[in-house]
Amino acid sequence: MSASKSSKKKQQKTKARLPRGFVDRSANDIHATNAMIAKIREVYERYGFDPVETPFFEYTDCLGKFLPDTDRPNAGVFSLQDDDDQWMSLRYDLTAPLARHVAENINEIQMPFRSYRAGYVFRNEKPGPGRFRQFMQFDADSIGAPGVQADAEMCMMMADTLEALGIKPGQYVVRVNNRKVLDGVLEAINLGGDEDADRRLSVLRALDKYDKFGSEGVRLLLGKGRKDESGDFTEGANLDERQIEILVEFLEAASLNAAQNKISGVSSVEEQVVNDLYNQFDLPSNAVSLLHKFTEKWGLVSQLLEDGLQLLDEAKLLVSFSGYGDDRILIDPSVVRGLEYYTGMVYEAELLFDVTNEKGEKVQFGSVGGGGRYDGLIKRFTGREVPATGFSIGVSRLMTALKNLGKLEDSSVPAPVLVTVMDGDTKNLGAYQKMVQSLRQARIRAELYQGNWKKFGNQLKYADKRGCPIAIIQGEDERRNSKIQIKDLIEGRRQAEAISSNEEWRESRPGQFEIDEKDLVEEVKKLLETQKVL
RNA sequence: GCAGUCGUAGCUCAGUUGGUUAGAGCGUCGGCUUGUGGCGCCGAAGGCCGGUGGUUCGAAUCCACCCGACUGUACCA
């Protein structure tokens, strides 16, 4: 049967398909990424950081907690076994591999050690819009510097980086917190003990959702739990009324402070609203004193909390002294960040403008980078504590945002000048190739048509679709007289709008003119310049 | 992981109460046109109707399970 024959043939074809959560990258995307990375690198270098790179793979135990369990060795990370049965994993960030590198070379490395690196990281988890299983990060870390000024410097560098990319103060903000503040508040409401470790995690996760779900959502998550719009239920932290009230008020106080400091780029109506709130409640304008007022009101006592607030004060002072105001670096005690290895200061760069995606929906970009202090990470290898702080910028994510902001300058490379081959004139290929080479030697991007030469029309069709600015034409007639036809494809396309009949279109040869063979390079250069201006 | 929605050509989608050889537009390729892009006209290729099993004389259509995609949520070092 013919049906079975054709289906047999079908089955042998492999379906071409991209693994989910991964993308192929286009020429434009690669050029844009390269341009962006160059700008970021320039800032990091200026701050005195040097590049250090580690490989994609690490032994799994060196990456941290992800010892593969036999049921699901790839949960979260991509793991495989080496030929000696050791588990290896693709790196899921750039910090853990750096910690391994530093620990392994600790005797050779001069501290403080300031380094940066850009590269792809991999996460084996469900992809979503703007979220991939392979994406690029650009990190900078300072190791062996225990003081707050190291953290403050990181925040300033993040601010400078965003501004180097064209994002203005008011369009972004670097929010800073200290882990001790939140831990201290939790301690003060009797959640400090070891027996409440799991509960503390759920509480911190709930607090982190304030931006997403607002006060009410957080209240539910801190209490019994929350049901999402598909009907799925999230178990809550089961705190009592007073604990919930304190935490929600804490968030509201912190965000009120943040709102007040965001007003620089906001409409005067909103500014008025915020100022009214301030006057009404007689609030101090400084986040730290605001929090002091808050802890007094509820009678919260915690040495941790005091220490945290002290450190935030110092950081604030350091950045203000260098001229970084609240419009760029903002103390915000509600920032949570990663729960795994941060030990003190945490910071997060957030974009403040909305963008509309390709479906026309409004999207808040939120965080495009962040980091913090991880004093305990290297200790896992060396046994002694090595202070470290650093941050990471999500390159892919930030690029999408810049594109939407219109800040992504066109870094695409113009299509090449196409040298056509007239009607299967293959015996003169040498002459055509020579024209191409002379253009290339003059640093003009050029290529020789290498498809089917027999149909001349196809060559121009190719040039058109490829976006070539110019086609070079030389048939036997021209060669005999040492002439060359130059076809301005951009001008031709413009003229085409006025022409309706095919014959007229072909005979008029729009945008085309003849030059002497010896003037090829000069004439092409001249025309490219003219096109650039238009 | 949990929950919801949806799977027909490369893409966007039609497909009647279950009934002949499953269609259209766009895209691709070829021709009109072997010395000229666009527009136009003509033609072709391209489908295990997501998969498997079942009900039926007969399944793209009905049922079950599986797989995949999307959305929300969880996790996010």
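**Charged pairs and a charged patch**

Arginine 373 and aspartate 375 are joined by a salt bridge, with 3.0 Å between their closest N and O atoms, where a salt bridge is a side-chain nitrogen of Lys or Arg within 4 Å of a carboxyl oxygen of Asp or Glu. Arginine 373 is buried, at a relative accessible area of 5%, and aspartate 375 also counts as buried, at 16%; buried means under 20% relative accessible area, exposed over 50%, and partly exposed in between (1.4 Å probe, protein chains only).

This is a predicted model, in which local features need pLDDT of at least 70 and side-chain atom pairs count only at pLDDT 80 or more, whereas totals for chains, interfaces and linings use all residues. Side-chain values use heavy atoms, with hydrogens and water left out, and residues are numbered from 1 along each chain as its sequence is written.

By the salt-bridge rule the count comes to 29. Among them, aspartate 29 meets arginine 25 at 3.0 Å, N to O, and arginine 25 is partly exposed at 33% relative accessibility. Aspartate 519 pairs with lysine 518, the closest N and O atoms being 3.7 Å apart; here lysine 518 counts as exposed at 69%, while aspartate 519 is partly exposed at 27%. Through shared partners, salt bridges also join Arg175, Asp211, Asp332, Arg337, Glu348 and Glu350 into one network.

A surface patch of positive charge gathers Lys455, Lys461, Lys465 and Arg506; patches are made of residues with over 30% relative accessible area and no salt bridge, like charges being joined within 9 Å and nonpolar side chains (Val, Leu, Ile, Met, Phe, Trp, Tyr) within 5 Å.

Methods: Chains are lettered from A and ligands numbered from 1 in the order in which they are written. Accessible areas come from the Shrake-Rupley method with a 1.4 Å probe; for residues, only the protein chains shown count as cover. Lys and Arg count as positive and Asp and Glu as negative; His and the chain ends are not counted. The place of a charge is taken as NZ of Lys, CZ of Arg, CG of Asp or CD of Glu.
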